[in-house]
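Q: Could we go through this structure together? I would like to begin with its aromatic residues.

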Amino acid sequence: MSSFLLRNVREAFTREVLDARITDGRIDLASRISPDIGDEVVDAEGRWLVPGLWDAHVHFDQWAQARSRLDLAGTKSPEAVTRLVGDALAHDSGHGVFFGFGYRASEWSRQATVAELDAVTGSRPVALVSGDMHNGWLNSAAMTLVGAPPRDTPFDEDDWFPLFGRLEPWAPDPESAVRDAMKAAAAKGVVGIVDLEFAANHDVWVRRSQNADTKLRVRTGVYPDLVHTVLERGLASGDVLDERGMVRMGPLKIISDGSLGTRTAHCCEPYLGADEMTHPRGVQNVDPQELVRLLGIARSGGLDVALHALGDAAVSHALDAFQITGSRGSIEHAQVVRWEDIDRMSGLGITASVQPAHLLDDRDVMDRLWADRADRSFAFRAMLDRGVRLALGSDAPVAALDPWLAMAAAVYRSGDGRPPWNQQEALSPREALAASTDGVDRLRSGDRGDVLLLDSDPFGGATSEEAARNLSGMRVAATFVDGRLTHWDF
């Protein structure tokens, strides 16, 4: 393994100018370090040294593949989608499944139909995935291919999730896409992820780790359908799964309610304008008794729990289950939360795994459907002030796997020139960075060699708007994972 001696670095949290040696997977810091034989000495020229970044919620394979799929973000109607798909197919000579990603049906005035997708696709199988991944629009050829029952409307939630895996064999060269995605993540300073892909991640990532090009630490999530396989192997959260020590067993992932985009996030009060909704308060996908059973299984097997609960009613049920079982882990999303449940979350030691960039995408929908609870939506400031540990993530591919975008959104809650949305719940740049480093609040000698060199001060900016602009434009000069260089752009 190479050794690097970085001279003249600035430790971002303490502002000290130091030398840093990265060797044997660890970092040493001192005012002056003499080079050893074999050190590669680099003058960092005052660049900023920070802990490596983690994304606490990723669907990595889906993100890797979405990067090359037809971009449907911003489409305002089913007609806009079919027009894009038809144009793309006219210039595509392939014969396999054609994929698109990123539409948000909650912004449309009517529901899409399979018939209108069939009209522009013919016999070519086409699979379109919504931007929040809770909805899929397949044409008839794709439904036949994956054995889905014929229907004339897109698939939502529990009807849709099983089809993810059935489509996987038709994705073009997924491992090549994953390798490219790892390089892109390293260029953003990402050293680790919690992968909540719908797959046997505990096996997939061990195979990948055998390849020396693997550039990430990974905690592998498991869903209820595979949890007994994991437990039969005696695997608990935190267990090392591979020879290199890069892959560890992660949490049991449970999706207890839906999403705002499909109007299925389970809320205590009805959605505004919910008169014609079948489920005016959203949907609880996993009932409270089943939550207690699943969390009990996880606790007895030593697994943490990552519990998707987006609406405030779902969050309340989730906290009940954590309290009854004594399980540990996180609530994923917690997009709208009752004030008293923030206090419960703190008292139970439950992490809030949140995705700040979602508020940029969901702002208009929240103003339309949740205006009466906007003060409790994406309540990062209240969570932090009341003692809840925050872990920032992307939910990629729902948002880009870009921690700088997430931090910028947490600091200045607008991305389109409008005034910030509910800015009293914003974080400072220091707080946002600290919530993105897997609990590392500053660098110390002996820490793991998971570090970044940045071209500019991550805490720069006289106002929150300037700070967000600085964060979103951050350039990463170097990324080290376990002392290995995974990105270099001096």
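Predicted model: local features only at pLDDT ≥ 70, side-chain atom pairs only at ≥ 80, totals over all residues.

Q: Which ring does Arg208 lie over, and at what distance from the ring centre?
A: Arg208 is placed over the face of Trp205, 4.6 Å from the ring centre.

Q: And where does the charged end of Arg151 sit?
A: The charged end of Arg151 is over the ring of Phe155, at 4.3 Å from its centre.

Q: How many aromatic pairs does the structure hold?
A: There are 12 aromatic pairs in the structure. One of them joins Phe4 and Phe480: the ring centres are 5.1 Å apart and the planes meet at 70 degrees, which is over the 60 degrees required, so the pair counts as edge-to-face.

Q: Where in the chain are Phe4 and Phe480?
A: Phe4 belongs to strand E1 (residues 3-11) and Phe480 to strand E20 (residues 476-481).

Q: Is Phe4 buried or exposed? What about Phe480?
A: Phe4 has a relative accessible area of 5% and is buried, because the cut-off is under 20%. Phe480, at 0% relative accessibility, also counts as buried.

Q: Changing topic, how many residues of strand E6 are buried?
A: Six of the six residues of E6 (residues 53-58) are buried, so the strand is largely enclosed by the rest of the structure.

Q: In which sense do E6 and strand E12 pair?
A: E6 pairs with E12 (residues 190-195) in the parallel sense, over four bridges.

Q: Which residue in E12 does Asp55 stand opposite?
A: Asp55 has Ile193 of E12 opposite it.

Definitions and conventions
Residues numbered from 1 in each chain as written. Heavy atoms only, no water. Buried < 20%, exposed > 50% of the residue type's maximum accessible area, 1.4 Å probe, protein only. Helix = DSSP H or I, 4+ residues; strand = E, 2+ residues; numbered from the N terminus. Pairing = 2+ DSSP bridges. Phe/Tyr/Trp six-rings, centres within 6.5 Å; stacked < 30°, edge-to-face > 60°. Lys NZ or Arg CZ within 6 Å of the ring centre and 35° of its normal.
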